[in-house]
Amino acid sequence: MPEKKLMELIRRLPKVDLHVHLDGSVRPGTAIELAKQQRIELPEKEIDKLLPHMQIAGECNNLEEYLEKFQLIGPLLQTPESLELSAYETVKQAYDQNCLYMEVRFGPQLHRQLGLSLDQSINAAITGLKKGEAAFGVKANVIVCCLRHHSTSLNCEVVEAAASFLGKGLVGIDLAGDEAGYPAKLFEDVFALAASKRLPVTIHAGEAAGPVNIKDAIEKLGAVRIGHGVRLREDPDLLAAIAAEKIPLEMCPVSNIQTKAAASWEDYPLRDYFDRGLSVTVNTDNLTVSNTTITREYAILADRFGFSVEELVQLVRNGIEAAFLGEEDKQALKRKLETFVLPT
Ligand SMILES: O=c1[nH]cnc2c1ncn2[C@H]1C[C@H](O)[C@@H](CO)O1
Ligand SMILES: [Zn+2]
């Protein structure tokens, strides 16, 4: 199929995105606008020139370098208004790609430089998502991130705050940041607290470090989904266990190549994991930093790995099944997916 036709077909395919970071998805035009409003100096004033500061374009050797692209946006997202607007626009961007449901994550402790409380920042993100939901019909919930370089006490504050929003626009908790520098087992106390609050847990693991982090995320931190999990194949026993237990992997193809979680597309294990019956889900990670859309992610799978439209639909089904939603909401999403008519 010609590339343009394939892209349009995949854009029309109803999709979900369970792993997308708010701060990594702010449109560059919005960043410029936010900087103007808040009188914050940016290194460039035009979108084209600003983009290289916010986006992986050329060389990126690892997750650490990838995370450097978040430095510019941080100071711009310190007010309720900027968080709310960014959340709203993330929903708009998903709507443009016919995404039916999204779970948008962010680290509330990163947005307190001007004195916001955790409750204020979480509330702002939820308000933006819910306004987006009302305007565009895309269902959207928040996941909050604990950060690997933060102390136990800062992360426990996030858990406490998250618990008060559970079921009110917040559906889960995550651990993000420099995986290589801070292994999963350092966070046992934080996630014991999360378990006591019955917060659903997903953890970035097997992206910048090996499979022991995936194992620890599940066994020591209570993760019921894994962010990325690219390096799972390095432990065949663990891979078999995760397949048997149907623990979903939130894979983010474009980002996974940029961070060198896999050395190249030829070496990327998503197809292999799918064929082995793992619950593979497809996500974007960061719309701006990775220069991607959910359509692009699926198109790459069709183009590079020969995924048929039926297989792409199965990947969306996996995403719906893995969502932090109740059965009724999942059934409603599945019904919408089934209305998608395959071209003959
Ligand atoms: O792919 C990622 N791996 C680990 N951490 C990440 C990734 N993408 C974004 N983050 C971090 C940087 C953000 O500031 C933070 C909260 O969204 O999460
Ligand atoms: Zn991520």
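Q: Which residues are buried in α7?
A: This is a predicted model, in which local features need pLDDT of at least 70, side-chain atom pairs count only at pLDDT 80 or more, and totals for chains, interfaces and linings use all residues. Residues are numbered from 1 along each chain as written, chains are lettered from A and ligands numbered from 1 in written order, and side-chain values use heavy atoms, without hydrogens and water. Helices (H or I, at least four residues) and strands (E, at least two) are DSSP runs numbered from the N terminus. With buried meaning under 20% relative accessible area (1.4 Å probe, protein chains only), the buried residues of α7 are N155, C156, V158, V159, A161, A162 and F165.

Q: What do the buried residues of α7 pack against?
A: Packing is judged by contact (heavy atoms within 4.5 Å). For the buried residues of α7, the partners include the strands β3 and β4 (170–176). The helices they pack against are α6 (118–136) and α8 (188–196).

Q: Why do the buried residues of α15 line one face of the helix?
A: The residues in question are K330, L333, K334 and L337. Looking down the axis of α15, they line one face because they fall within an arc (taken from the directions from the axis to the C-beta atoms) of 100°.

Q: Which exposed residues sit on the face of α15 turned away from its buried side?
A: The buried side of α15 packs against β2 (99–106) and α14 (309–322). On the face turned away from that side, the exposed residues (over 50% relative accessible area) are E328 and R335.

Q: Which helix gives the largest share of the lining of the second largest pocket?
A: A pocket here is an open set of points on a 1 Å grid over the protein atoms alone, where a 1.4 Å probe fits, with protein on both sides within 12 Å along at least five of seven lines; lining residues have an atom within 4 Å of a point. K334, one of the buried residues of α15, is in the lining of the second largest pocket. Q314, R317, N318, E321 and A322 are among the other lining residues. The largest share, five residues, comes from α14.

Technical notes:
Arc of directions from axis to C-beta.
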